[in-house]
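Student: Hi, could you walk me through this model? I'd like to go piece by piece.

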Amino acid sequence: MRKVYWVGLAALVVAVVGYFYVQYRLSQPFMSEEDIAELKADIAAQDETAFAGITQQPIKYQEANPERNVYFGDLHGHSDLSFDSYIFGNRLSLDQSYRFAKGESLKNPGGELMQLSIPLDFAAMTDHAEGFGMHELCGGSAKNEEGADFCKRLENPDANLFLELREQGEQRPPESSLAGYLNGEKTEAQLAALTWKNIVAIAEKHNDPGKFTTFAAYEYSPPLPNFGKMHRNVIFRNSTVPRQAVSAMHARTELDLWDSLLRDCVGPCEFLTIPHNPNKSWGLAFASHTIDGDQYTIDDWRQRKQVEPIVEMYQIKGNSECSIGFGTSDEECGFEQFLPRCTDGQETGCISETSMARDGLKKGLVLEEENGVNPFRFGMVGSTDTHNSSPGDTEERDFRGVTGIFNASAKTRLSAGRDGEYGTLKRNPGGLAAIWAEDNTREALFDAMQRKEVYATSGTRIRLRFFASFNYRDNLPNSVDALKTAYKVGAPMGGSVNSVAGQVPSFFIWAMRDPLDAPLDKVQVVKGWIENGETKEAVQDILCSGGRAIDPRTKRCPATKATVSLKDCSIDQTQGATELKTLWTDRDFRAEQNAFYYVRVIQNPTCRWSTYDSLRLGQAPPTNAPATITEMAWSSPIWIDRPLADR
């Protein structure tokens, strides 16, 4: 009995000591002065000459083009206006973010240089609306004593502050915690409106039609358990916007968000929303219910189709195109995807059947069969979700982490965190949004997003055209007016074509390499359809570089012989193609089946960012991450609809 007593007492002492130790650690600043000094010493020791550096290219503006130009940009980024970005040590402003997008260099919190080789054509900085008013509170006189203490903690944050803010967000009160920090001089809504007004003004300041386009924008960020994401970026067509940015503090579900925006966005005001991180949505991305569990009605589905034409399916937190399983088997689904498939009973931290874009596209076909509405006729884009005020910084060699000071050195990016996980090593530099539009203006780009003539890349600037028709002639790819004919006779990516009885569709595909990156390896077509009441999909290579023949059994190209030197990341420029162009016909098409098709273009291998960081440190690439990657581009789908008489 006495032994049991002493064992129990010892356990209690250990628990108490452990509790107070944890509380002590949580109350310590994220980064002490010693930590910061060590970080800067690590950065100073990095060898930035271990490989070819960035050579900034001259800016070349494109003239207006009736057959449309492609414009590259980023529709998802955060400046110091986002509370998490600020806690992560980012002190780079919204103004500096747009300057970076236009080609200026910046330094991250540790002092590492960040700069684009080619400036962006457009950008939308989407700071979290749930933190609007924070800077106005701390920079003004409207705060009470508790508010002054909060602002002091904000400048030197600890883990407790981060956890407190997250807990408050998970409780989702009718107004943010800023309300308790005010002295009555201003309301929380007034402070938040000031932030939003400033965001719109800075976007307007940097908007330069024909040269560089900005959008008034923000992020709606309701929390999910286990750091899940079912957030949406809200993009406005012009500077006529609602007085308030609708946040998760005021709109509990996506339906509430859309209702509020449709009510308040009037006159020349127009908006669209873009969901991101389907892979971390814990199945909510393409579920039939809201974040609160309310089932979608037919009117809800129609509303979603109206306001949400595109999905962000690639960014720093991974690839949301597809995942092995759920009827999917192509190996490219493993590209920069670090979450596992859900097992029985698992609800978070994994990928479910309604998590990924391809699954959403297939579900859209089912919904159309059931109720005549397909809310998942969406286009696909990439973006970054940078929290370093560096939109479009997607080059592998220029990757400087994702969370400010916490991974602002090559050493920390390659190391395990305090939890023993290699969190940063699982991330990537993010992707780009590519838009085909007549001119680089808000109106033209917004129209293109609404019609879904957009595509995603994993960060490079592959140029990709994709059209479909039942009336293309075999010589289309080589004709002098190929683009004019492609538009006139068929539909571009994002569009739809009606079936023609007794005929099969042809697809005009034209891919061009990024001149600053590797040659192209091959082109693939992904098809989805319904057969005997079940969704089906097929993935096949349709064009190989270098004259390689496709295996008729596997429908795959032989593996490329292109090589990458892990000593300096130089590549073999003799393998691969500058462009790949073809007219492909689906001989397996059945007119009674609704179907979608999209294109995937794959580059030759190049060094992954983790290999570049390893070269900076003079060490071998890590064994728990790929040393090389094959960058990609994904078109938006084209839908082939059954003849009207069969619907």
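Student: Which strands does helix α14 lie across?

Tutor: Helix α14 (residues 482–489) lies across β16, β17 and β19 (506–512), and runs at about 45° to β16. Before going on, please note that this is a predicted model, where local features need pLDDT of at least 70, side-chain atom pairs count only at pLDDT 80 or more, and totals for chains, interfaces and linings use all residues. Residues are numbered from 1 along each chain as its sequence is written, and side-chain values use heavy atoms, with hydrogens and water left out.

Student: Thanks! And what counts as a helix or a strand?

Tutor: Both are DSSP runs numbered from the N terminus: helices are H or I with at least four residues, and strands are E with at least two. Axes are lines fitted to C-alpha atoms, for helices over the stretch in contact, and angles run from 0 to 180 degrees between N-to-C directions. Contact means heavy atoms within 4.5 Å.

Student: In what order do the strands of that four-stranded sheet come?

Tutor: The open sheet of four strands has the order β17-β16-β19-β22, with antiparallel pairing. Its edge strands are β17 (491–492) and β22 (579–585), each of which pairs on one side only. Two strands pair if DSSP finds at least two bridges between them.

Student: How many bridges join β16 and β17?

Tutor: Strand β16 (residues 463–469) and β17 pair over two bridges in the antiparallel sense. Ala 468 stands opposite Ala 491 in β17.

Student: Switching topic: at what angle do α9 and α10 cross?

Tutor: The axes of helix α9 (residues 254–264) and helix α10 (residues 298–307) cross at roughly 65° and come within 11 Å. The crossing of α9 and α10 is left-handed, meaning that the near helix is turned anticlockwise from the far one by less than a right angle.

Student: Which residues make the contact?

Tutor: From α9 there are Leu 255, Trp 258, Asp 259 and Leu 262, and from α10 Asp 300, Gln 303, Arg 304, Gln 306 and Val 307. That contact divides into four nonpolar, two polar and three charged residues. Here Ala, Val, Leu, Ile, Met, Phe, Trp, Tyr, Cys and Pro count as nonpolar, Asp, Glu, Lys and Arg as charged, and the others, Gly among them, as polar.

Student: Which residues of α10 are buried?

Tutor: Asp 300, Trp 301, Gln 303, Arg 304 and Val 307 are the buried residues of α10. They cover an arc of only 160° around the axis, so they are on the same side of α10; the arc is that of the directions from the helix axis to the C-beta atoms. On the other side of α10, Asp 299 and Gln 306 are exposed. Buried means under 20% relative accessible area, exposed over 50%, and partly exposed in between (1.4 Å probe, protein chains only).

Student: And what covers that buried side?

Tutor: The cover over the buried residues of α10 includes β9 (232–236), α9, β10 (271–275) and α11 (357–371).

Student: Next, β15. Which way do its residues point?

Tutor: In strand β15 (residues 454–457), Val 454 and Ala 456 point one way and Tyr 455 and Thr 457 the other way, and all are buried. Strand β14 (residues 432–437) is joined to β15 by four bridges, and the two run antiparallel. Ala 433 has Ala 456 of β15 as its bridge partner. β15 also pairs with strand β26 (residues 632–635) in the antiparallel sense, over three bridges, and Thr 457 has Ala 633 of β26 as its bridge partner.

Student: Is Glu 336 buried or exposed?

Tutor: Glu 336 counts as buried, at 9% relative accessibility. Glu 336 is placed in the loop between β12 and α11, and its phi is positive too, near 45°.

Student: Last one: what does Ser 352 touch?

Tutor: Leaving aside neighbours within four places in sequence, Ser 352 is in contact with Trp 282, Gly 283, Phe 326, Cys 342 and Asp 359. Ser 352 is found in the loop between β12 and α11 and is buried, with a relative accessible area of 17%.
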